[in-house]
Amino acid sequence: MTLARRFARTLIGFGALTIATLLVAPLVGPTAINLRRVFDFSVPFRDNTDAQIFFVARLPRTLAGACVGALFAAAGVVFQGLLRNPLATPFTLGVSTGAALGAVLAITFNWSVGFAGISAVPVAAFAGSLVAVVIVYALAQARHRGLSTTVLLLAGVTMNAFFSALVLFVQYFASFADTYRTLRWLMGDLDVSSYQPILAALPTTVAAFLIFAWLARPLNLLSLGPDSAESRGLDVTRAQRAAFFSASLATGAAVSIGGPIGFVGIIIPHLVRLIVGPDHRLVLPAATLFGAAFLVGCDLVARTILAPVELPVGIITALIGGPFFLWLLIRRP
Amino acid sequence: MAAHPKTLSVWAIALLLLLPPNHPITKSLNHQITQSPNHQITQSPNHQIRRIISLVPAVTEMLYAIGAGPRIVAVSSYDTYPPEVKKLPNVGALLDPNVERILSLKPDLVIVYGSQTDLMQQLARASIGVFDYRHAGLADVTSTIRTLGERTGDGAAAEALSQRIERGLDAIRQKLKGRPRPRTLLVFGRERLALRGIYASGGIGFLNDMLEVAGGTNVFAEVRMQAVQASTEQILAKRPDVVLETRATNSAFPIGDRDAELSVWKTLASVPAVRNGRVLFLFDDRIVIPGPRVVEGTEVMAKALHPDLFK
């Protein structure tokens with residue numbers, strides 16, 4: 001089969017799944033809503049509870065899930081390709097822990113001033129992720145021409161531990177309620193209740209995906225090792241830099257919307273590779289689509305399974321994702 | 001993230017909160033909570049108590065109210081009331097009790113949270129009396145005061161205080177008898193300037209009980225948990241008549257932010273409370289600390305819910 005046909009098949013297959021999930025998710029929830037009433041525009045919006053549940057609660061939440069899932073899954077693919085390590089996740093290089101530090105500071109010290117109408121916690125989380133990215137990059141750059149992935153990995157893991165310690169340090173001064181809120185933030189939450197966090201993350205998201213589109217071929221070459229990639233005409237340092245910054249920004253944007261939701265960034269890339277093979281030109285779009293569908297699906301389970309109480313979505317991603325992934329591993333001939 | 005004792009205990013609490021209401025663990029917890037708190041007595045009760053350390057602000061207030069205040073030698077880092085406590089040494093709190101300082105102050109009774117099992121064991125080994133406490137319902141405030149009074153030798157004062165509290169609560173109930181009961185969402189935490197991470201009172205616990213006495217009906221009455229994370233959808237579906245946002249005094253929204261904090265609710269325009277301007281802020285320790293001031297706290301709530309009756 002030619003690449004074009006495989007590409008089309010992948011896109012149609014995963015695209016159909018994603019669209020189906022996105023259509024079903026806002027229709028299902030702990031409350032029964034009447035679709036005809038939702039789209040009955042003769043009733044003023046402020047009087048129409050069904051429409052408000054649909055447009056204020058469920059639609060932003062579904063979109064947030066789709067964005068976050070797509071960003072984490074694609075960033076996971078890029079980090080695994082860049083570090084040539086199957087265990088890499090969007091959280092390996094300290095980006096999410098930097099974001100966590102920002103969020104914890106905002107929660108503990110009750111920062112209320114955000115940026116352009118967005119509340120403080122997402123802004124602080126994104127700022128924290130940027131700080132982590134800059135530090136890790138500077139370290140990896142310091143004593144090498146180009147970018148050493150080994151130093152990158154070591155610096156990232158160390159910064160992860162360092163930021164974790166800072167998170168605990170800040171938490172130590174927090175009141176009990178704030179500590180609990182921090183912990184809850186760390187489990188991930190997609191109930192955004194407005195489009196603002198999504199819109200705020202949109203420029204970063206678009207930029208990251210544009211770079212991802214360009215990165216597919218360079219990542220294929222990098223998988224052969226930097227030397228072979230170089231000999232085939234790839235500017236390795238440039239590709240690595242692009243991969244590092246785009247995937248880090250994608251992670252920062254995703255964490256600012258939904259918190260550090262685990263497992264999506266590692267399980268989806270591997271799942272997709274088991275289905276479409278290792279070619280990044282297929283893996284990247286497939287992971288993006290499947291990541292979106294997976295997280296929206298997990299959030300659907302999280303908000304309905306124990307209704308009226310909700311489970312944190314991060315618990316569901318691991319509970320569903322873990323066994324499913326193991327089953328795929330065993331089943332594979 | 002590395003396991004840290006504080007993180008671990010918070011995890012444990014979080015996991016308990018996540019359990020479904022009909023789960024056996026939750027059931028046994030609720031059972032324990034609705035019964036009067038289980039006080040471990042590791043010392044003969046007629047022993048004269050002279051040096052008390054309280055790690056629980058609510059119990060510190062109770063001790064002062066029954067006249068045992070002068071015998072308190074140290075309190076927790078969260079204690080702020082009565083003002084005298086600010087002069088006392090502090091020995092940590094729920095998650096970070098300073099055992100060394102506690103022992104060095106030679107207490108003969110230490111008030112701890114029921115979850116501080118390590119601390120309880122350490123104190124038992126040092127043959128120091130322990131009074132363990134858990135936040136529970138409103139009825140447990142007076143039962144705790146009575147048990148505490150017997151323990152410290154202030155039984156008569158404790159009985160008098162308990163009766164005063166019970167009469168005070170009854171008076172509020174009587175006053176509101178037959179009044180319409182607004183369906184109320186009682187929020188005690190959320191993200192600043194956003195409707196995210198909203199924590200509300202479930203159908204058990206002192207906040208829920210105070211709300212009921214204050215003439216309101218909790219919209220989450222059927223959820224058998226003390227804390228519920230309320231999603232936007234649930235709030236829209238429950239359609240509360242009143243939203244009470246309550247916080248401790250030191251977590252009050254700054255005056256300059258209050259209009260902005262109020263207007264974040266406008267997204268949920270179909271909720272009657274939002275539409276009728278009945279989203280109310282109550283920053284009052286008397287509401288969030290289940291101590292001897294619960295009557296005043298409940299009155300504050302009642303005034304917010306029934307303003308016409310308390311002119």
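How many salt bridges does the rule find across the interface of chain B and chain A? It finds two, a salt bridge being a side-chain nitrogen of Lys or Arg within 4 Å of a carboxyl oxygen of Asp or Glu. This is a predicted model, so local features need pLDDT of at least 70 and side-chain atom pairs count only at pLDDT 80 or more, while totals for chains, interfaces and linings use all residues. Residues are numbered from 1 along each chain as its sequence is written, chains are lettered from A and ligands numbered from 1 in the order in which they are written, and side-chain values use heavy atoms, with hydrogens and water left out.

**The interface**

- Chain A puts 50 residues into the contact and chain B puts in 43, where contact means heavy atoms within 4.5 Å.
- About 4,100 Å² is buried between the two chains, 60% of it on carbon and sulfur atoms; buried area is the accessible area (1.4 Å probe) that two parts lose on being put together, summed over both.
- The rule also turns up 15 residue pairs in polar contact across the interface, both residues at pLDDT 80 or more. A polar contact is a pair of N or O atoms within 3.5 Å; within protein, one must be able to donate a hydrogen and the other to accept it, and residues adjacent in sequence count only if both atoms are side-chain atoms.
- On the chain B side, helix H1 (5-18), strand S8 (227-230) and helix H9 (232-238) each supply at least two residues. Helices (H or I, at least four residues) and strands (E, at least two) are DSSP runs, numbered from the N terminus.
- H1(B) gives the largest share of that side, eight residues.

**Salt bridges**

- Over all chains, the count comes to 23 salt bridges.
- A:Asp47 sits in the loop between helix H2 (35-38) and helix H3 (49-83) of chain A, and B:Arg275 in helix H11 (residues 272-275) of chain B, so this pair joins two chains.
- The closest N and O atoms of A:Asp47 and B:Arg275 are 2.8 Å apart.

- Most residues other than glycine have a negative phi, and most peptide bonds are trans.
- B:Tyr81 and B:Pro82 are joined by a cis peptide bond, with omega about -10°; B:Pro82 is in the loop between strand S2 (72-75) and helix H4 (99-104) of chain B.
- A:Phe263 isn't a glycine, yet has a positive phi of about 80°. You'll find A:Phe263 in the loop between helix H10 (236-258) and helix H11 (264-276) of chain A.
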